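Subject: Structure handover

Hello,

The structure we discussed is below, with the sequence.

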Amino acid sequence: MRVRARGLRELRAAPVVGVLAVAAVVLVPASGREIAGAGGAGAGPAAAHRAYVPRAAKAAPAAAECTPGNVAESLRPSSGGGAAVDRIKEKGQLVVGVDQNTYRWGYRNPHTGKLEGFDIDLARAIAEDILGPDAKVVFQAVPTNQRVPAVRKRTVDMVVRTMTINCARKEQVAFSTAYFQGGQQVLAPKGSKIEAFDGSLRGKRVCTAAGSTGESELAAQRHGARVLTVPNQLDCLVRLQLGEADAVVTDNALAAAQAAQDPTVELKGEPFTDEPYGVAMNKDDTDLVRRVNKVLDDYRGGGDGSDWMRAYRQWLEADLPGVSGPPSPEYSD
């Protein structure tokens with residue numbers, strides 16, 4: 001079942017958190033047993049909780065042609081292991097590509113210096129399932145346009161970074177089931193004459209992140225806009241604030257977080273795409289995909305008391321009100 005976040009235009013003001021800091025590609029510090037290294041949805045009802053019987057990871061079935069109707073399908077969950085899960089256990093740590101500049105999703109708390117957000121909580125839940133309650137996690141900050149290369153080159157074990165599942169990306173990486181549903185939307189100053197993703201963009205400077213689905217949509221139909229690409233979405237907000245861009249095209253979940261940081265901007269029009277977010281992994285790591293899907297199923301389970309709903313209420317509800325639950329999982333086997 002597909003879901004989409006609603007009420008996104010009813011944004012509430014929130015403290016400004018580092019909105020003028022241009023993103024950097026670094027490894028970020030973590031708390032507890034997490035360590036840092038060096039280098040580089042209106043939603044439907046919550047998915048029913050399921051019990052799983054441990055089993056050996058299955059090989060991936062022959063892939064069906066990817067279409068908009070089955071794009072969010074993934075491998076059925078399993079609590080079993082395999083080559084990828086064993087490799088992570090042998091290392092004794094999980095390396096996760098994340099964002100450190102997206103408020104509410106993956107950002108550094110300026111008061112504590114620690115990474116926080118919806119994606120960060122999910123990454124920790126995956127690490128704890130594989131490595132136990134004292135899990136070590138290396139959070140590696142990865143720019144938008146480096147998410148796929150990081151997974152393919154095994155620079156990271158996975159990417160948990162508001163990454164939209166689409167057919168082009170599924171040719172290069174494997175995805176979990178969807179853990180959030182958003183849509184592309186326009187962000188612009190409140191006094192702007194820009195109305196939506198339409199002809200009101202003509203002649204305007206529109207910013208989007210390189211390698212994002214926003215860039216793909218603008219390549220297909222730019223409505224006469226002049227497109228500016230940057231490494232990370234937060235850079236677009238900075239360009240908007242500096243007067244170097246007139247609007248931003250990005251996922252509405254990210255745009256709502258940016259509007260929470262800067263009350264002078266707002267979402268314009270309505271979402272014009274479906275954007276299911278998934279955890280990205282190497283295509284050869286089918287056992288890891290199944291294990292992550294098992295974690296996600298547990299994370300969604302429990303209705304209003306689920307870990308997913310607790311994370312939503314803590315991180316997203318203030319800026320994305322009205323979401324009643326996560327997207328239901330879809331499986332290809």
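The largest cavity has a lining of 17 residues, and those nearest its centre are Arg147, Thr162, Ser212, Gln233 and Leu254. Please keep in mind that this is a predicted model. The space inside the largest cavity comes to about 120 Å³. Sorted by class, its lining holds 10 polar, five charged and two nonpolar residues. Two elements, helix H5 (213–220) and strand S13 (247–251), each supply at least two residues of that lining. Strand S13 gives the most, with three residues.

On the chain as a whole: it has 333 residues, of which 56% are buried. Nine helices and 17 strands are found in the chain.

Next, the disulfides. Searching the whole structure gives two of them. Counting bonded cysteines along the chain, their pattern is 1-2, 3-4.

How accessible are the two cysteines? Cys66 has a relative accessible area of 27% and is partly exposed. Cys167, at 24% relative accessibility, also counts as partly exposed. Both values fall in the partly exposed class because the cut-off for buried is under 20% and that for exposed is over 50%.

The other disulfide joins Cys207 to Cys236, again with S to S at 2.1 Å. Cys207 belongs to strand S11 (residues 205–209) and Cys236 to helix H6 (residues 233–241); the two are 29 residues apart, and the pair links distant parts of the chain. The link of Cys207 and Cys236 is left-handed, with -80° about the S-S bond. Are these two cysteines buried or exposed? Cys207 and Cys236 are both buried.

To set the two pairs side by side: Cys66 is partly exposed, as is Cys167, whereas Cys207 and Cys236 are buried.

Regards

Note on methods. Residues are numbered from 1 along each chain as its sequence is written. This is a predicted model: local features need pLDDT of at least 70, side-chain atom pairs count only at pLDDT 80 or more; totals for chains, interfaces and linings use all residues. Side-chain values use heavy atoms; hydrogens and water are left out. On a 1 Å grid over the protein atoms alone, a cavity is a set of points where a 1.4 Å probe fits but cannot get out, and a pocket is an open set with protein on both sides within 12 Å along at least five of seven lines; lining residues have an atom within 4 Å of a point. Grid points are joined across faces, edges and corners, and a volume is the space filled by probe spheres set on the points. Helices (H or I, at least four residues) and strands (E, at least two) are DSSP runs, numbered from the N terminus. Ala, Val, Leu, Ile, Met, Phe, Trp, Tyr, Cys and Pro count as nonpolar, Asp, Glu, Lys and Arg as charged, and the others, Gly among them, as polar. Buried means under 20% relative accessible area, exposed over 50%, partly exposed in between (1.4 Å probe, protein chains only). A disulfide is a pair of cysteine sulfur atoms within 2.5 Å.
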